[in-house]
Every structure is written in C-alpha cells, then in structure tokens.
Amino acid sequence: MTGIRLRDFRSGDLDDAYRLDQACFEPEIAYSRGQIREFLSRPNAIGVVAEIGSGLAGFAIGNRSGTRGHIVTIDVPAGRRRQGVGRALLDELVRRLEQSGARQIRLEVDLRNAAAIAFYESLGFREGRRLRGYYGAGRDGLEMVRSISDEDAPRPR
C-alpha cells in the first residue's frame, strides 16, 4: 500500500497507541499507558508511528542494549492489516536498531499465531526457544531471532 508515512513516536501519540494496543491484544497481555510510556523512556528506545492520511495506522516500539535489540510490540489495527503497514514498521524498526549497533534482534510471538510467525520469518527472523506460559497458563510464546553478520552491519552513528 502506498501513502504510509513513518515518523518518530511523539508524547502526543500515547493515548492513541494505548487504545490501539488494547484493541490488538487481549486484556491480560495488552500494555497499560504506563507500560508503553516506560518502554519508550528506556535508554536506546525507538518508537515508530505509521500514518495514512492523518490517522494512526500502527506503531512499533523497540530498544537496544549493547549489541542486542528487542522488538517490544508492533500494533496495527485490524482494518489496516495485510496492507504493508506492519512490514513498513518492522523494516524501519529493524533498520534503526541495526544502525544503532544491534547485531541480533529478538521478539516474542504467540506460538499459536502461525500467520505472525510466517510474517516474521519472511523478514529474516528464525525460531528460537519456546517460552512456556509466556502469554499466561497454557499459552506458550516463541522467541524469534534475527542476526546480522559484521560484514552486513551498518556503521553506528
């Protein structure tokens, strides 16, 4: 889809991001406003917003610690899925994490979400370890990892 604009997450995006996260995830795993704010306040945090027209079409949050990056969340409203928004957000977040020095990036996904796992695999992530009970009793997660070699690594700024 064309017309996707990516920009940095701003403090004024917090309420819209919170509402979107609540719509994307079940209450027991959705983040609170405070949690989203805390993720964005971490050292080396990166928040990216996707807009189509003047509306929020999704957002993503990640952070880096040393050479390890972590994708905290990618949220896209149901009506915007399969239109390239998630791919644009993830591509941009990975690019920024790698530019800042990450050589390995991880994320977690519900083991039952085959579509999300296939999506992440299409972007270079590989299955890692199983996370028993990550999403609650009887709901395992899967850690997925993407690594880049030193030859392919962008130079940190």
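Asn44 sits in the loop between α2 (33–41) and β2 (45–52). Helices here are DSSP runs of H or I with at least four residues, strands are DSSP runs of E with at least two, and both are numbered from the N terminus. Phi of Asn44 is near 65 degrees, a positive value in a residue other than glycine. Most residues other than glycine have a negative phi. Asn44 is partly exposed, with a relative accessible area of 41%. Buried means under 20% relative accessible area, exposed means over 50%, and partly exposed lies in between, with a 1.4 Å probe and protein chains only.

The model is predicted: local features need pLDDT of at least 70, side-chain atom pairs count only at pLDDT 80 or more, and totals for chains, interfaces and linings use all residues. Residues are numbered from 1 along each chain as its sequence is written, and side-chain values use heavy atoms, with hydrogens and water left out.

Arg82 also has a positive phi, about 65 degrees, although it is not a glycine. Its place is the loop between β4 (68–75) and α3 (85–99). Arg82 is exposed, with a relative accessible area of 80%.

Now the sheet. Seven strands form an open sheet with mixed pairing, in the order β1-β2-β3-β4-β5-β7-β6. The edges are β1 (4–8) and β6 (126–131); each has a single partner strand, so one side of each is left without a neighbour in the sheet. Neighbouring strands are turned by 25 degrees against each other on average, direction ignored. Two strands count as paired if DSSP finds at least two bridges between them. Strands of a sheet pair through backbone hydrogen bonds, either parallel or antiparallel.

Follow the pairing from β3 (55–65). Seven bridges join β3 to β4, and the two run antiparallel. Gly62 stands opposite Ile71 in β4. The two strands form a hairpin with two residues between them, and Gly66 in the turn has a positive phi of about 65 degrees. On to the next pair: β4 and β5 run parallel, joined by three bridges. Here His70 has Arg106 in β5 as its bridge partner. Then β5 (residues 104–110) meets β7 (residues 141–147) through seven bridges, antiparallel. Ile105 stands opposite Arg146 in β7.

How enclosed is β4? Seven of its eight residues are buried, so β4 is largely enclosed by the rest of the structure.

Strand β7 also holds Glu143. At 9% relative accessibility, Glu143 counts as buried. Leaving out residues up to four places away in sequence, Glu143 touches Arg106, Leu107, Arg126, Glu127, Gly128, Arg129 and Leu131. Contact means heavy atoms within 4.5 Å.

Helix α4 (residues 114–122) lies across β4, β5, β6 and β7, at about 165 degrees to β5. Axes are lines fitted to C-alpha atoms, for helices over the stretch in contact, and angles run from 0 to 180 degrees between N-to-C directions.

Which residues of α1 are buried? They are Leu14, Ala17, Leu20, Asp21 and Cys24. Seen down the axis of α1, these residues fall within an arc of 130 degrees, so they line one face of the helix. The arc is that of the directions from the helix axis to the C-beta atoms. An α-helix has 3.6 residues a turn, so residues three or four places apart point the same way. The cover over the buried residues of α1 includes α2, β3 and β4.

Last, the open space. The largest pocket has a volume of about 1,000 Å³. Of its 34 lining residues, Phe25, Ile74, Asn113, Ala116 and Tyr120 are the closest to its centre. A pocket is an open set of points on a 1 Å grid over the protein atoms alone, where a 1.4 Å probe fits, with protein on both sides within 12 Å along at least five of seven lines; lining residues have an atom within 4 Å of a point. Grid points are joined across faces, edges and corners, and the volume is the space filled by probe spheres set on the points. At least two lining residues come from each of α1, β4, α3, β5 and α4. Strand β4 gives the most, with five residues.
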